[in-house]
Amino acid sequence: MKIRGFRVEPGEVAGALAALPGVGQAVVVVHDERLVAYLERTGPDDLEIGEIRRLLAVTLPEYLLPAQVVWLDRLPLLSHGKVDRRALPDPVLERPENSDGASPPEGPVQCAIAEVWAQVLRLPGVGTDDDFFDLGGHSLLATQVVSRLRRALPAGTRPITVMDLFKHPTVRRLAEHAERAASTSGELLYELTPSVDPALHTLSLVCVPYGGATAIVYQPLADALPSGQSLYAVAPPGRDLATTEADRSIEDVAAACVAEILDRVPGPLVVYGHCGPGGALAVEIARRLEAAGRRLEAVYLGGVFPFARPTGALGRLARTLRMERLRSDTVYANWLQSMGADVGALDPAERRQLIGAMRRDAQFAEDYFTRLLDQGGTPLNAPVVSVVGERDPGTEYYQERFREWDFLTRSTGLVVVDEAGHYFLKYRAPELAEIVTGIHHRLAAGTADDLDLDPASQPAAVGPAAVGSAASSPAASGPAAVPGAAGRTGNWRLVDVHAGVGRPEPSGPRPSMARFLTVALSQLVANTGAALTMFAIPLWIYVQSESLLRFALFSVVATLPGILAGPVAGALVDRSDRRRVLVAATVAASLVQGSLALLVWVGTVPAGLLYGLLALLSVAVTVQRLAYLSAVPQLVPKRYLGNANGVVQLASGAANFLVPLLAVGLLAAIELAGILAVEVLGYAVALAVLAVTRFPATMAWRRRETVVEEITGGFWYFWNRNGLRAMLMFFVVINMFLAMVVVLLSPLVLTVGTLTDAGRVATIATVGALAGGLLVAVWGGPRRYRMRGMLISTAGYGASALVVALRPDLTVIAAGALGMSFFLVVQNGIWMTIIHTKVPQRFHARVIALNQMAAQSVVAVGFLAAPTLSGVLEPLLLPGGALTDSLGVVVGVGSGRGIALVYVVCGVVMTVVALGALRRTRLATFDLTVPDAEPDDLVGIAALAGRGGADAPVAVRPAPARSAFHQREDTPAE
């Protein structure tokens, strides 16, 4: 079952319902995209839907709360005792029978609000005192209500925001609020906790939401705070659907927030910001508060480290080449969903506003940190504590990156939430409450030398984290003597503290963009040379021997050994000094290149020795590439890591574009011996650079799991899910035929043209790939029917293969090759969006590793099968052959047309399989039957629960998040 794109286990909801008082048995079904619960009563009084939802919210996420309840004296049963679901009565859309809001709405404002509520909640009517959330409303429906009220409310009423709906959850109260004169103060702070007696007040938290979010995201944290503490959430301008506020700079918003804080936020003060935009605004608020003389206990920054653009010419180039301006909202929606954000149920207008705000916020945050890092400022007196999810990809290298806040403060700390993803503030609120109310007391009580830190977490790095029970570490054992630590869950760890002079800076060179660019340029030269060799040698062999089989064998030898050596090479790189491995691999590759050059110069090239040398080069290049890529985070300041990765990708793409054209051009101009000589010189340059460049002693990239573990884990993940398993089998079949047409492209061109023509066609094919990549970046792929789009792209690839075979004409072949590359990249891009939306983020590496293993295994088989199939089909299109007077009229007759016939066979098979999958297989219903990935944080909660023990989290899932507003406005303060 799927609700709002999420996987729903009816048994989980039914079990929770059956545990409620007055419920004998429970059955849960999906009716009209809403969860309906059928309950068998055991007592005289039936619980109301609002009370049921409040009770369930303690243990179930919001999307699992039933929207409607049907009470029955007895559930209908089949003869063998199971519930007869067909006999369950259809739910009737009506307000709760015992609702106190029976009075009808009066006046145009109440009527407009009631009508919108009824439409969104799918009820026949709504009373003035009905509670929106008791009627089945939730946060996403609240955004729809606000969006519709913008158009429905009479002129002259104040705009309604999402926060207003949470504060005034009945028609009467919301209408009264709408009819009041709009405030001119422009308040940005909302108090989400009940009012606190000043005599009992102990702490105030000011919390800034992540990009695109509203202040209400902090309601779960507010609900989890101990009594005596207040939470004020910032509502940045431009985030709410009801308003059309203009964007304001971070400094401007911070100044307004500080004025409000100084005016009305009491007591000891903590500032918290989440993600990049929230962290940037929180930092500026903290700086201005201390400048105004307000003391801060601490600044907590969740899921973020400083990030910025490089300064100077490189920074200007990075901004000019920024792809974000071209990427569609769908690209961001897929990414958000993969990170655990619930965007699937938003309508297009809401999604555009959310993602637009997120993109602007991210740009503002990057600009802010770039200015702050460049200009500097007075350090904060308050400590800065980084709070990160252990499995959040956005905060990798957290063991050293938390010290990047040293430019901002004299004391930094690091807290890791076990198995958490990026949105732990939503799903792990009780633990976050313990952290932000207690860690600063521990920091104040000691120094870096005498604090009880968690030693088990120190080597976690970017590999598998040392996650055992936190209760076993000194940091977590025993009753805490500081506020906020009593009764802690044991699922977070204070990992490290850096107090300015508490620990010396690492000796040796420091990361820099100049150091990175020097190494990157030399590696680009060396890797491009190796790619030229592995492209040119099979082509040279084919020109010399005119043997398709030898061409295919050399193509396999140039790629397969490196693929097979990948797992061992990855383990070697992870366990070794990157620079030494890079030097060793570069030396090995240069020796192989030199040996190949010597053999070609001498004129004696034994086939067996050539195979062996090419295989060694494939392995050496694989080790070299892995060592270089994993060393990039060492070479560059990690706040510029995104820019550095962009440079690497740009250089790799440019090399892929130029290699075919350069290879054939150089083959024609200086022959293979000249190419090898140039490449030996390129490797000499790379070795010279490595000889004089020292690598900083900072963290490099490491796998979380070994390749074998990734492939094994990916296999079981796929095997237990029918839709994903069907997709894997589809690609195993398709890749066999795809490999055949890929390996035969250059030989086909050489049957009607020259080496220069082969290079031109390969370059045109690369243009098709670039066009496909640009389309995927701008378009983002289908929003709903992604599998359908992928299958259609596969059929387009097959049709393009048929175009290649149409005529022995270079223009036709080039057009078909362009189409093949275009559709292949589109297909792969859509496949990646499927992985992002259907597989939890933490399993992406496993799934991708399994698919790569499956694809590579059949690609090698396809390479070797292609010449055999061509040899079998060739006689059919020779003069007098069986197909000369039929198919030969279309594709041509003569030597080499057997290759064209291979294209016909493979194109037809791929097209038929893809179009057939749209009709009769599991893939035909994939988009509807395979649920979207569960938020990564919920997967982490399940992982913690699977460990068992007292420390497993129980009440950490997000509730409807409105209790504080009700308590503050409906009942007297304590």
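This is a predicted model: local features need pLDDT of at least 70, side-chain atom pairs count only at pLDDT 80 or more; totals for chains, interfaces and linings use all residues.

Colleague: What's the angle where α28 and α30 cross, and within what distance do the axes come?

Modeller: The crossing is at roughly 110 degrees, and the axes come within 8 Å. Helix α28 covers residues 844-873, and α30 covers residues 897-920. Since 65 to 115 degrees counts as roughly perpendicular, that is why the pair gets the label.

Colleague: Is the crossing of α28 and α30 left-handed or right-handed?

Modeller: Right-handed.

Colleague: Which residues make the contact?

Modeller: From α28 you have A866, L869, S870 and L873. On the α30 side they are G898, I899, L901, V902 and V905. Sorted by class, that contact of α28 with α30 has 7 nonpolar and 2 polar residues, with no charged ones.

Colleague: OK, on to α21. How do α18 and α21 run relative to each other, roughly parallel or roughly antiparallel?

Modeller: Roughly antiparallel. Their axes cross at roughly 160 degrees and come within 9 Å. α18 is residues 578-602, while α21 is residues 671-692. The crossing of α18 and α21 is left-handed, and the residues of their contact divide into 18 nonpolar, 4 polar and 2 charged.

Colleague: And α16 with α21, at what angle do the axes cross?

Modeller: Roughly 155 degrees, and the axes come within 9 Å. Helix α16 spans residues 513-545. Angles over 145 count as roughly antiparallel, so α16 and α21 get that description.

Colleague: What's the handedness there, and how do the contact residues split by class?

Modeller: α16 and α21 make a left-handed crossing. Their contact has 15 nonpolar, 6 polar and 1 charged residues.

Colleague: Switching topic. How many cavities of 30 Å³ or more does the structure hold?

Modeller: There are 5. I'd pick out the second largest cavity, with about 200 Å³ of space in it.

Colleague: Which residues lie nearest the centre of the second largest cavity?

Modeller: P236, R239, R248, D361 and F364, out of 16 lining residues.

Colleague: Which element gives the most to the lining of the second largest cavity?

Modeller: α12, with 4 residues.

Colleague: And how do the lining residues of the second largest cavity divide by class?

Modeller: 9 nonpolar, 2 polar and 5 charged.

Terms used
Residues are numbered from 1 along each chain as its sequence is written. Side-chain values use heavy atoms; hydrogens and water are left out. Axes are lines fitted to C-alpha atoms, for helices over the stretch in contact, and angles run from 0 to 180 degrees between N-to-C directions. Helices (H or I, at least four residues) and strands (E, at least two) are DSSP runs, numbered from the N terminus. Angles under 35 degrees count as roughly parallel, over 145 as roughly antiparallel, 65 to 115 as roughly perpendicular and the rest as oblique. A crossing is left-handed if the near helix is turned anticlockwise from the far one by less than a right angle, and right-handed if clockwise. Contact means heavy atoms within 4.5 Å. Ala, Val, Leu, Ile, Met, Phe, Trp, Tyr, Cys and Pro count as nonpolar, Asp, Glu, Lys and Arg as charged, and the others, Gly among them, as polar. On a 1 Å grid over the protein atoms alone, a cavity is a set of points where a 1.4 Å probe fits but cannot get out, and a pocket is an open set with protein on both sides within 12 Å along at least five of seven lines; lining residues have an atom within 4 Å of a point. Grid points are joined across faces, edges and corners, and a volume is the space filled by probe spheres set on the points.
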